[in-house]
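Me: Could you walk me through this one? I'd like to start with the ligand and then turn to the domains.

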Amino acid sequence: MEWKAELQGIAKNSHSPASRLRFDEPLSKHTYFRIGGSATVYYEVGSIEDLIQVVAFKSRQLLPVVLIGRGSNFLVSDNGFEGIVIRLVGDFDRIRYEGEIVYAGGGVSQPKLAKSVASHGLSGLEFALGIPGSVGGAMIMNAGAWGNDFGEFVEQIRVMTDQGEILKLCHDQAGFAYRRSKLDNYFCVLDTSLRLVQGNPEEVTQLMREYYQRKIANQPFVEGSAGCMFKNPPNHSAGRLIEECRLKGTRIGDAEVSTMHGNFIVNHGKAKAKDVLELIDLIQNRVKAEKEIDLQMEVKLLGF
Ligand SMILES: Cc1cc2nc3c(=O)[nH]c(=O)nc-3n(C[C@H](O)[C@H](O)[C@H](O)COP(=O)(O)OP(=O)(O)OC[C@H]3O[C@@H](n4cnc5c(N)ncnc54)[C@H](O)[C@@H]3O)c2cc1C
């Protein structure tokens with residue numbers, strides 16, 4: 001296909017040694033659920049220049065393009081995704097400090113950032129060690145735990161528009177709310193700056209470890225999953241509602257409502273996206289029937 005050759009040409013002339021292009025890449029390799037068919041194109045992009053080339057290419061070819069972080073909040077269709085999946089690497093995987101402000105690229109992993117700021121004695125992100133996403137994903141989802149979320153520390157975010165323009169947004173323009181933001185109106189989150197508080201490295205690390213231990217004691221971290229399937233409805237815990245509806249342990253194929261935490265669906269090895277979707281449906285219907293509450297998805301769907 002002509003467009004594939006054109007894309008190969010763009011990747012060949014890349015500005016970053018980290019950029020890597022692959023065709024028919026199984027997305028099960030790039031999601032925490034370990035579920036999903038192949039993407040037509042999977043492109044690890046290592047520089048802003050390369051990203052601009054992709055934006056220009058997608059506008060010419062009218063191909064669907066989606067950003068993936070660590071794939072820890074995605075359920076990908078068994079049929080995969082007909083389009084280009086982009087992951088930020090290279091220049092986007094950098095962290096730097098100016099006093100109490102940390103600058104992090106969209107491709108940096110959240111646990112790596114949490115550990116790094118703790119070692120600098122900066123307090124704020126202790127909650128983030130147990131969230132296996134990227135900084136880009138954290139901005140889109142306003143990821144959080146233990147009463148904190150990323151949004152509250154954000155000073156500025158740089159995004160790229162569908163036209164390849166780079167914009168600097170302040171905290172209020174990002175529209176952070178519970179597990180969402182308005183940043184998905186843009187093509188890509190490039191990087192962010194977070195204002196933290198100077199603390200003591202040992203104390204920050206200690207608190208971070210405590211949160212992490214409590215998390216792994218209560219949530220399944222061994223099996224594949226996409227974290228919490230549903231958002232907590234106002235004044236309720238989705239996990240508790242699911243447990244009260246006696247759904248823990250309900251299994252379809254290799255997908256199961258975790259026996260450890262009702263709001264997680266886990267993959268015991270060969271689960272299909274369709275098994276997970278059936279479980280989601282069953283959970284939503286049962287919770288609606290017994291509790292008269294509509295559970296809203298937290299996990300994003302791709303390729304359906
Ligand atoms: C075991 C486990 C525990 C978890 N615990 C928590 C928790 O405690 N709290 C919590 O909030 N979440 C939790 N999650 C969910 C998940 O880790 C977060 O939502 C995380 O922020 C997603 O980041 P990601 O990089 O994996 O994003 P992905 O899943 O790859 O993508 C999520 C969304 O962000 C978009 N996106 C990603 N990067 C970019 C970018 N650079 N530019 C534009 N769009 C982008 C994607 O297109 C998609 O819409 C957990 C998940 C797992 C598997």
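Reply: A polar contact here is a pair of N or O atoms within 3.5 Å; within protein, one must be able to donate a hydrogen and the other to accept it, and residues adjacent in sequence count only if both atoms are side-chain atoms. This is a predicted model, in which local features need pLDDT of at least 70 and side-chain atom pairs count only at pLDDT 80 or more, while totals for chains, interfaces and linings use all residues. Residues are numbered from 1 along each chain as its sequence is written, and side-chain values use heavy atoms, with hydrogens and water left out.

Me: Ok, how far is the polar side-chain atom of Ser134 from an oxygen atom of the ligand?

Reply: That distance is 2.6 Å, and a ligand oxygen also lies 3.0 Å from an N or O atom in the side chain of Gln110, while for Asn73 a polar backbone atom is 2.7 Å from a ligand oxygen.

Me: And how much of the ligand does the protein bury?

Reply: The protein buries 94% of the 970 Å² that the ligand exposes when taken alone (Shrake-Rupley method, 1.4 Å probe).

Me: Switching topic, which domains is the chain divided into?

Reply: Domain 1 covers 2-91, domain 2 covers 93-218 and domain 3 covers 238-297, with bounds from an automatic or database domain assignment.

Me: What area is buried between domain 1 and domain 3?

Reply: About 570 Å², with carbon and sulfur atoms giving 66% of it; buried area is the accessible area (1.4 Å probe) that two parts lose on being put together, summed over both. Of the area that domain 1 buries against domain 3, Phe33, Leu75 and Asp78 supply 71%, more than any other three residues.
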